[in-house]
Amino acid sequence: MTRLSLASLSAAKAQRPTYDRAKVTPGIVHLGIGAFHRAHQAVVVDDLLSADPSWGVVGASLRRPDTSAALTPQDGLYTLLTRSGAGTQARIIGSVLEIIDAPQRKEALLARMADPMTRIVSLTVTEKGYGYNAATGHLDEANPDIASDLVSPRTPATAAGLIVEALRRRCEAGAAPVTVLSCDNLPHNGRVTAQVVTDFAEAVDTALGKWIAANVAFPATMIDRIVPATTDADRAEALALTGLEDAWPVVGEPFLQWVIEDRFVGPRPPFDLGGAQFVGDVAPYETMKLRMLNGSHSMMAYLGYLAGYEFVSQVIGDPAFRDFIQAAWREEIAPTLTMPSNVSSDYARALLERFSNPALKHRTYQIAMDGSQKLPQRLVGTVADRLAKGQPVERLALGIAAWMVFAAGTDLEGKPIVVQDPMTDELKRAGRGDAVSNFLALRRVFSAEVAESMHFREAVTRQYRALKEMGPVEAAKRLG
């Protein structure tokens, strides 16, 4: 088998880059170059490089060398498999020029971030990668990784620490500031990123914090594409479709959306050539996506996993869960949105089609990871809005109760669940005894306002009991 690389690219039996890769220069450093970035933002960049080759991507893996080890021998090239009911389309993406394994090549990464050619630093480090304390609205200085970086800020490991050190170098060298572009599923992700970065900088050097606040742009974004984890079957399909071996292809659905606040310092990439949309206010799009897509994804993940379903398409294919999710959108989630009603209803219809895609093997277990970091944005915020108006939250409560069962580490048949979450030990302890009360006491997940609501506590207790007594399918059917 021939490995995908620049030397073998011309032999690929798939769509190839239409630009001259040798003329592409780096303009973006991306922190957290996992499958999502490579199936989303890097694809948009690939679409614009024919018009402007100065926006190539240098990616960084912050924790593990896997991506660098897989793609460095391929000169950063990889296969995107776009799957729908009509089949799979293969495309070679060339926008990623280099992948840096940050733990081993930290100085190389910082030098690239501080290079004047770099005009954007973007991130997909997941919710837990920001070191943000939602309860205080500031950097979580008690986070062990953040605390370590604050002790040694010149040799950081966290995203916030790396950004601050790179900006310090740019400031001292008289180089232009950059735009820091968060692409994670966080409410007000631009504002959160600005807060943790400036908090970190001020803890290191007050003057640097003020310079960052005055000169660096942190636009908000909303990103949307379903990207399942890559499997060996995906690698085999990439080989069959392209004729070249790819150590780490990525899989995505046909749908792709990227809404970006039009607030940049310095040049703005023509992301719109790849389908991105520049707007004055991202918040309505962001809230719709977080609550309708991500919120229902989490509910389907926990309920579906407990029902024995491996994939989202199986969950939404069950009439009980399909009716339940539609009722949750209509009765509890959509009424909290500020989007026009027809937009949210159109979005719901599109979501049903996307979730039903049988070719997209999106695992419930994958979505269920890191629930303690995801629930505050995806479900708890919606609950808070409804409680403030005295409105019922039974369907949301069922989704949250399913998370509690899952997070405790034992399914409804008594089988152990391998919980992957930054709070795994605390979650398992919470599952003992009065589980509902114990979970609601976790302030990193539930605000005091929500946790102390008797209306919410009673709703979650009812749904938790229903799950235990009748199982997830029947519990959902009652609310559909």
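Throughout these legends, buried means under 20% relative accessible area, exposed means over 50%, and partly exposed lies in between (1.4 Å probe, protein chains only). The model shown is predicted, so local features need pLDDT of at least 70 and side-chain atom pairs count only at pLDDT 80 or more, while totals for chains, interfaces and linings use all residues. Residues are numbered from 1 along each chain as its sequence is written, and side-chain values use heavy atoms, with hydrogens and water left out. Helices (H or I, at least four residues) and strands (E, at least two) are DSSP runs, numbered from the N terminus.

**View 1. Glu98 and Arg105 joined by a salt bridge.** A salt bridge here is a side-chain nitrogen of Lys or Arg within 4 Å of a carboxyl oxygen of Asp or Glu. For Glu98 and Arg105, the closest N and O atoms are 3.2 Å apart. Are these two partners buried or partly exposed? Glu98 is partly exposed, at 25% relative accessible area, and Arg105 is partly exposed too, at 36%.

**View 2. A salt bridge between Arg91 and Asp46.** The side chains of Arg91 and Asp46 meet with N and O 3.0 Å apart. This pair connects distant parts of the chain: Arg91 sits in strand β4 (residues 87-93) and Asp46 in helix α2 (residues 41-48), 45 residues apart. Do look at how enclosed the two partners are. Arg91 counts as buried because its relative accessibility is 14%, and Asp46 counts as buried because its value is 6%.

**View 3. Arg330 with Glu331.** Another salt bridge joins Arg330 to Glu331, with the closest N and O atoms 3.0 Å apart. Here Glu331 is partly exposed, with a relative accessible area of 37%.

**View 4. An open sheet of three strands, in the order β4-β3-β11.** Two strands are said to pair if DSSP finds at least two bridges between them. Strands of a sheet pair through backbone hydrogen bonds, either parallel or antiparallel. In this sheet the pairing is mixed. The edge strands are β4 and β11 (250-252), each pairing on one side only. From one strand to the next, the twist averages 25 degrees; axes are lines fitted to C-alpha atoms (for helices, over the stretch in contact), and angles run from 0 to 180 degrees between N-to-C directions. Seven bridges hold the antiparallel pairing of β3 and β4, and Thr82 stands opposite Gln89 in β4.

**View 5. Helices α2 and α9 against the sheet strands.** Contact means heavy atoms within 4.5 Å. Helix α9 (residues 232-242) lies across β3, β4 and β11 and runs at about 100 degrees to β3.

**View 6. Strand β12 (residues 257-261), largely enclosed by the rest of the structure.** Five of the five residues of β12 are buried, so the strand is largely enclosed. Gln257, Val259 and Glu261 point one way, while Trp258 and Ile260 point the other way, and all are buried. β12 pairs with strand β10 (residues 221-224) in the antiparallel sense over four bridges, where Gln257 is the bridge partner of Asp224. β12 also pairs with strand β13 (residues 277-279), this time in the parallel sense over three bridges, with Ile260 opposite Phe278.

**View 7. Asp75 and Asp370, aspartates with positive phi.** Asp75 has a phi near 60 degrees, a positive value in a residue other than glycine. It lies in the loop between α3 (66-71) and β3 (78-84) and counts as partly exposed at 30% relative accessibility. Asp370 has a positive phi of about 55 degrees although it is not a glycine. Its place is in the loop between α14 (364-368) and α15 (371-388), and at 13% relative accessibility Asp370 counts as buried.

**View 8. Cysteines Cys171 and Cys183.** How many disulfides (pairs of cysteine sulfur atoms within 2.5 Å) does a search of the whole structure find? The search finds zero. Cys171 is partly exposed at 29% relative accessibility, whereas Cys183 is buried at 2%.

Key: Disulfide = S-S within 2.5 Å.
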